[in-house]
Amino acid sequence: MNRQWKKVLRDAFEAPEPADKERFLRTLRYPKITFRAFFLSQLGYIRKQVWAFALLTVLLGWFVSFSAPAASHWRTEAEALWIISAVLPLMALLTTTELFRSAFHRMAEVEMGCRFSLPQIILARAAILGVANFVLLTLLLAFVNHVTPIGLVRTALYLLVPYLMTCGICFWILNRWHGRDSIPACAAAACIISLADAIFSNTVQLLYAETNLIYWAGLFAASILLVTRQLTHVLKQTEERTWSSFLTE
């Protein structure tokens, strides 16, 4: 359905402005919840597997960074960096698919009818997972920076590119193929990016060379743009389904 027909349907089925809505709602007796309480309640809807994998990733980062012998060669110093960067796409896979659980379990329309809309629910969970992943990435960055002499900015760039690239590709897939059928495609994309580090481990010295920094910066900018556009598309789709879902049944 093209945009013109969507606009025509939206205008045709647009409900009139309710009269005396605020007074009517104040007279209803229903359990009230503040936005803060709603936000904190979303913590309970994020699967324990996500938190467990995040903890394991932190432990892996600590083990790789602090249990290795003192590095005197570039290749040895870079090993901790490429091992951890190979795990981050799997964390990105769990994060992106967690935001689409409502669609996977056919609960999206139920959440549309709640006091807090589906876009608000997605944003709340995205904020929680974003903060958690920020803490995770900060810890990993501190660990890796302890054993690599390449500097904080370059280390952050090398860790963030695989993570953000996986997030962007998974969002792109989930926006186009709805339901559980999209999970294998997302998993395949995450595994390809993760395995790329292992495949190119013999050339890690070349990959992390300062001369290639411009290419990493380009990949970082492209990944940020892709994640932003696809996440915006997710929210736009949920807003459209709020009115279009009532026309299908």
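A salt bridge is a side-chain nitrogen of Lys or Arg within 4 Å of a carboxyl oxygen of Asp or Glu. The model on screen is predicted, so local features need pLDDT of at least 70 and side-chain atom pairs count only at pLDDT 80 or more, while totals for chains, interfaces and linings use all residues. Residues are numbered from 1 along each chain as its sequence is written, and side-chain values use heavy atoms, with hydrogens and water left out.

**Stop 1: the salt bridge**

Select arginine 47 and glutamate 98. They form a salt bridge, with 2.7 Å between the closest N and O atoms. Arginine 47 sits in the loop between α3 (35-41) and α4, and glutamate 98 in helix α5, 51 residues apart. Helices (H or I, at least four residues) are DSSP runs, numbered from the N terminus. A search of the whole structure finds 1 salt bridge. Arginine 47 is partly exposed at 30% relative accessibility, whereas glutamate 98 is buried at 2%. Here buried means under 20% relative accessible area, exposed over 50%, and partly exposed in between (1.4 Å probe, protein chains only).

**Stop 2: the core**

Next, select Leu81 and Tyr163. Within the largest nonpolar core, which has 43 residues, these two touch the most other members. Such a core is a set of buried Ala, Val, Leu, Ile, Met, Phe, Trp, Tyr and Cys residues joined through side-chain atoms within 4.5 Å. Two or more residues each come from α4 (48-66), α5 (74-99), α8, α9 (152-176), α10 (182-199) and α12 (213-244). Helix α9 gives the largest share, 12 residues.

Stay on tyrosine 163 and show its contacts (heavy atoms within 4.5 Å). Neighbours within four places in sequence aside, tyrosine 163 is in contact with Leu88, Met91, Ala92, Thr95, Asn133 and Leu137.

**Stop 3: the aromatic pair**

Select tyrosine 158 and tryptophan 216. Their rings pair edge-to-face, 4.9 Å centre to centre and with 70 degrees between the planes. Rings of Phe, Tyr and Trp (its six-membered ring) pair if their centres lie within 6.5 Å; planes under 30 degrees apart count as stacked, over 60 as edge-to-face and the rest as tilted. Tyrosine 158 lies in helix α9 and tryptophan 216 in helix α12, so the pair ties together parts 58 residues apart in sequence. Both residues are buried.

**Stop 4: the surface**

Finally, select Val131, Phe134, Val135 and Leu139. They form a nonpolar surface patch with about 380 Å² of accessible area together. Patch members have over 30% relative accessible area and no salt bridge; like charges are joined within 9 Å, nonpolar side chains (Val, Leu, Ile, Met, Phe, Trp, Tyr) within 5 Å. Areas come from the Shrake-Rupley method with a 1.4 Å probe; for residues, only the protein chains shown count as cover. Valine 131 lies in helix α8 (residues 118-147) and is exposed, at 54% relative accessible area.
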